[in-house]
Amino acid sequence: MAKRTRDERERSKEHSKPPVDEEITDPSSNEESEIEDNSNDVLNGKSEDELDSEEEFEGENPADKRRRLAKQYLENLKTEANDIDQTELAAEQKNKQMLDDYNSFDAADLDKDIIATRLKQDVAEQQGRVYRFIADKLLVSEAKVTFTRVGDKNLTGLSCYQPELNKFDTDPKTGKAKNKGKIFAYTVSKDLQLTKYDVTNFNERPRKMKFTRGGSKYIPETKLASENISEGHYDEILTVAASPDGKYIVTGGRDRKLIIWSTESLAPIKVIPTKDRHGEVLSLAFRKNSDQLYVACADFKIRTYSINQFSQLETLYGHHDIVIDISALAMERCVTVGARDRTAMLWKIPDETRLAFRGGDDSNKMLKKWMRDNAVEKEDGTMEYPDESKAPTFVSEGSIDVVSMIDDSHFVTGSDNGNLCLWATSKKKPIHIERVAHGCMPAPTSDNISGETDTELREQQLQGDKLAHPYMITAVHAIPYSNIFISGSLNGSLKVWKLDETIRSFSLLTELNGCKGLVNKIQCVESGRHGREQFRILASVSKEHRLGRWNGHIPGGRNGIYSAVIEQTTF
């Protein structure tokens, strides 16, 4: 009985003992228990801090987790930068007398500056802002100009594939790099030919690689628009666009359909008809780093496609004339111009909204404005206006023909009266206009415009130089997110323009001569290390306009590809 009582007493004492983790009685035993716990956590692959952080952030959502990890990443960067600065400062003080002034630069600081610059540029591109201020670094006076004749009849379009840095495709069979760093150009012409060129080597002329040609054999047997799916063009090809991933080429023209081609073999993959009897395809533009394709058509509509899915997404309405040109960058939006409705429209596709920008210079209004600006106030308070015969020649704007986006909030347009206009999404009117940007055509002679036998009457009908019409702007291209854009006409030269720092105006930087013919399309590719890129400006030149023959004979006009290579300095 006493033994059982003693056992029960010991058992009750054991139950009444507090747990080891809750009460600390012996310092030595506590240290041993902590070592044991830490060793167990290490064996399980988790530290005490990690266990605490998991319990602390157990209920956070994915968005909060990404935000927390981003803040932690930035704090780690700051800590590492401070550690590096302190270490380098100590090393610099220790070895200050041993270093030469010429070689005493810090490679770590240089690397940090380069990384910081690239990060800032990536953020600026994502936000759609101009960040490449390269105009003052271009050696425009040393541009290398060449002209390559082609056998195609009247080039109508040009598009280039520019691979991304350190990204390339691999051949699944061999696993080796395929077309690594290659830059290709694609042209289309009125004789139904699609041609592929290699323009990788900036010191050589474009090298012809492959071509394919359409013909009458592709005319569909029925007149139904939905059955216009023959795998080739049977009417003039007016435009071409290369996909950003380099896999596809898309062409369109007067036969009212899109044909998607393989870039490797130039074989047709898919034919997508516009299904409209007025649905001629006039211009194409890919969204940057995406498979989204924007199509401008002659039935006043803009169509959007997903090329990887070979399907149409949306149809946009708003213009009152043919949509003659289109441009797009990284954001899901595009800018179009509507020819003789004299408007440019910015389409915000996710929001299903658009912004309309009104052009259309009126010669009478400009003349009245000139008269008011040059009027002189007399002593009696009346205004004395100058003679109208002394006023410069003002030409009305008949149509806006070309457009190119500078960034996601600025774009530039060209018109048939020689106007180059800079637009901002915050203004309905252009913020800067360069009139008669490419000069005027030669004035007609009296024998060509008059049947009068009297010489004095024929001279009066000439009206001085007022019958000299400006050269129309037929092509414009802005280097994305930079302060440079290029315009073309039929005056035998390309003009390079420079935006000011506030992006409120622009001025002429240089003129590239030797471009004999009418410029239908301009593209720009680049090569070289970051900060020291070489720029190659390519232009498709022909003897007539891509949409008609109203320009007549162009003196010295040729069919070919114009190339100008411009290098960049580092200072």
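## Close-up views of the predicted model

**View 1. Aspartate 373 and lysine 369 are joined by a salt bridge, with 3.1 Å between N and O.** A salt bridge here is a side-chain nitrogen of Lys or Arg within 4 Å of a carboxyl oxygen of Asp or Glu. The structure is a predicted model, in which local features need pLDDT of at least 70 and side-chain atom pairs count only at pLDDT 80 or more, whereas totals for chains, interfaces and linings use all residues. Residues are numbered from 1 along each chain as its sequence is written, and side-chain values use heavy atoms, with hydrogens and water left out. Aspartate 373 and lysine 369 lie about one helical turn apart, because four residues separate them in helix H6 (residues 363-373). Helices (H or I, at least four residues) and strands (E, at least two) are DSSP runs, numbered from the N terminus. With a relative accessibility of 53%, aspartate 373 is exposed, while lysine 369, at 45%, is partly exposed. The classes are buried (under 20% relative accessible area), exposed (over 50%) and partly exposed (in between), with a 1.4 Å probe and protein chains only. Elsewhere, Lys182, Asp198 and Arg207 belong to one network of salt bridges that share partners.

**View 2. Helix H4 (residues 62-94) contains tyrosine 73 and the pair aspartate 64 and arginine 67.** The closest N and O atoms of the salt bridge between aspartate 64 and arginine 67 are 2.8 Å apart. These two residues are about one helical turn from each other, because they are three residues apart in the helix. Aspartate 64 is partly exposed at 32% relative accessible area, and arginine 67 is also partly exposed, at 46%. Tyr73, Leu74 and Leu77 together make a nonpolar surface patch with about 310 Å² of accessible area. A patch consists of residues with over 30% relative accessible area and no salt bridge, like charges being joined within 9 Å and nonpolar side chains (Val, Leu, Ile, Met, Phe, Trp, Tyr) within 5 Å. Areas come from the Shrake-Rupley method with a 1.4 Å probe, and for residues only the protein chains shown count as cover. Tyrosine 73 is exposed, with 53% relative accessibility.

**View 3. A salt bridge links glutamate 332 with arginine 287 at 4.0 Å, N to O.** Glutamate 332 is placed in the loop between strand E16 (325-328) and strand E17 (333-337), and arginine 287 in the loop between strand E12 (281-286) and strand E13 (292-297), so the pair ties together parts that are 45 residues apart in sequence. Glutamate 332 is partly exposed at 28% relative accessibility. The structure has 14 salt bridges.

View 4. Two strands pair if DSSP finds at least two bridges between them. Strand E31 (residues 534-542) and strand E32 (residues 560-566) are antiparallel and connected by seven bridges. Isoleucine 537 faces alanine 564 in E32.

**View 5. The largest nonpolar core holds 23 residues.** A nonpolar core is a set of buried Ala, Val, Leu, Ile, Met, Phe, Trp, Tyr and Cys residues joined through side-chain atoms within 4.5 Å. Among the residues with the most contacts inside the core are Ile484, Ile486, Ile537 and Tyr562. At least two core residues come from each of E27, strand E28 (493-499), E30, E31 and E32. E31 supplies the largest share, four residues.

**View 6. Strands E26 and E27 form a hairpin with five residues between them.** Four bridges pair E26 with strand E27 (residues 484-488) in the antiparallel sense. Histidine 477 has isoleucine 486 in E27 as its bridge partner. Tyrosine 481, in the turn, has a positive phi of about 60°. From strand E26 (residues 475-478), Ala475 and His477 point one way and Val476 and Ala478 the other, and all are buried. In a regular strand, side chains alternate between the two faces of the sheet.
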